[in-house]
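My notes follow in the order I looked things up.

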Amino acid sequence: MYQGTFLISATVRMALLCYAVCVILQLRNCCGVRWRSVIRGLWTTGALLFVAHVIAAFHFTHRWNHQAAIRSTAEQTKVLIGWAFGEGLYFSYLFVLLWLADVVWYWIGPDSYESRSRRVSLLLHGYLFFIAFNGAVVFESGVTRPAGVLISVLFVAFS
């Protein structure tokens with residue numbers, strides 16, 4: 001189980017680090033042609049690492065049982081906010097889908113992607129940040145929580 005726990009933690013930490021770096025660069029308009037391939041590669045890597053995190057969590061923690069994942073999410077929210085809300089798992093699914101859709105858009109139409117409305121980017125990244133913050137700070141403990149707070153502060157300061 002130790003290897004599974006390590007894999008679950010390592011993949012999400014690396015994914016969120018890729019996420020934070022890319023968003024800071026994107027929101028600071030560092031997306032010129034020179035940076036395009038670096039940012040797109042890092043953005044894709046982050047999304048794939050997050051997919052690996054989800055797969056590892058379902059394999060090692062929930063044994064490929066969706067109801068077990070719902071129950072686990074409900075138990076965690078009950079402890080944290082006093083209300084069992086297992087359906088919160090669907091917000092995580094939406095996180096994965098949005099990130100992957102954004103990656104696909106970046107690869108298929110990099111020019112339209114980079115010229116999209118700032119409002120679209122802010123809405124997307126607002127949602128992704130909200131879910132990432134909850135996952136890394138609210139629902140985590142130990143060293144991950146203060147690291148998540150620090151990265152979130154840096155993320156907001158440099159965005």
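This is a predicted model: local features need pLDDT of at least 70, side-chain atom pairs count only at pLDDT 80 or more; totals for chains, interfaces and linings use all residues.

I started with Trp 64, which counts as exposed at 54% relative accessibility. For my own record, buried is under 20% relative accessible area, exposed is over 50%, and partly exposed is in between, with a 1.4 Å probe and protein chains only. Trp 64 lies in the loop between helix 2 and helix 3. I checked its backbone too: phi is near 60 degrees, a positive value in a residue other than glycine.

Arg 63 lies in the loop between helix 2 and helix 3 (66-81) as well. Its phi is near 50 degrees, again positive in a residue that is not glycine. I have Arg 63 down as exposed, with a relative accessible area of 56%.

**Ground rules**

Residues are numbered from 1 along each chain as its sequence is written, and side-chain values use heavy atoms, with hydrogens and water left out.

**Overall fold**

How many helices and strands are there in the protein? I get seven helices and zero strands. Helices (H or I, at least four residues) and strands (E, at least two) are DSSP runs, numbered from the N terminus. From the N terminus on, the order reads α-α-α-α-α-α-α.

Next I looked at dimensions. The C-alpha atoms fill a box of roughly 45 × 30 × 25 Å along the principal axes.

Of the contacts with a separation of 6 or more, 63% are between residues 24 or more positions apart. Buried residues make up 40% of the 159.

**Surface and charge**

The accessible surface comes to about 9400 Å², and 70% of it belongs to carbon and sulfur atoms. The areas come from the Shrake-Rupley method with a 1.4 Å probe; for residues, only the protein chains shown count as cover.

I counted charges next: there are 12 positive and 6 negative side chains, and the centres of the two sets lie 5 Å apart. Lys and Arg count as positive and Asp and Glu as negative, while His and the chain ends are not counted. Each charge is placed at NZ of Lys, CZ of Arg, CG of Asp or CD of Glu.

**The core**

A nonpolar core here is a set of buried Ala, Val, Leu, Ile, Met, Phe, Trp, Tyr and Cys residues joined through side-chain atoms within 4.5 Å. Which residues touch the most other members of the largest one? Out of its 29 residues, they are Tyr 19, Trp 43, Phe 50, Phe 95, Trp 99 and Leu 128. Helix 1 (2-27), helix 2 (33-61), helix 4 (89-108) and helix 6 each supply at least two residues of this core. Helix 1 gives the most, with ten.

Leaving aside neighbours within four places in sequence, Trp 99 is in contact with Ala 15, Tyr 19, Trp 43, Gly 46, Ala 47, Phe 50 and Leu 128.

**Tyr 127**

Tyr 127 lies in helix 6 (residues 118-138). Is Tyr 127 buried or exposed? I call it buried, because its relative accessible area is 19%. Not counting residues up to four places away in sequence, Tyr 127 touches Phe 91, Leu 94, Phe 95 and Leu 98. For Phe 95, which is 32 residues from Tyr 127 along the chain, I get a C-alpha separation of 7.8 Å.

Ser 152 is found in helix 7 (residues 144-158) and counts as buried at 11% relative accessibility. Beyond four places in sequence, Ser 152 is in contact with Phe 129, Phe 133 and Val 137. Leu 150 is also in helix 7, but it counts as exposed at 51%.

Last, Pro 110 lies in helix 5 (residues 110-114) and is buried at 15% relative accessibility. Leaving aside neighbours within four places, I find Pro 110 in contact with Arg 36, Arg 40 and Trp 105.

Key. Contact means heavy atoms within 4.5 Å.
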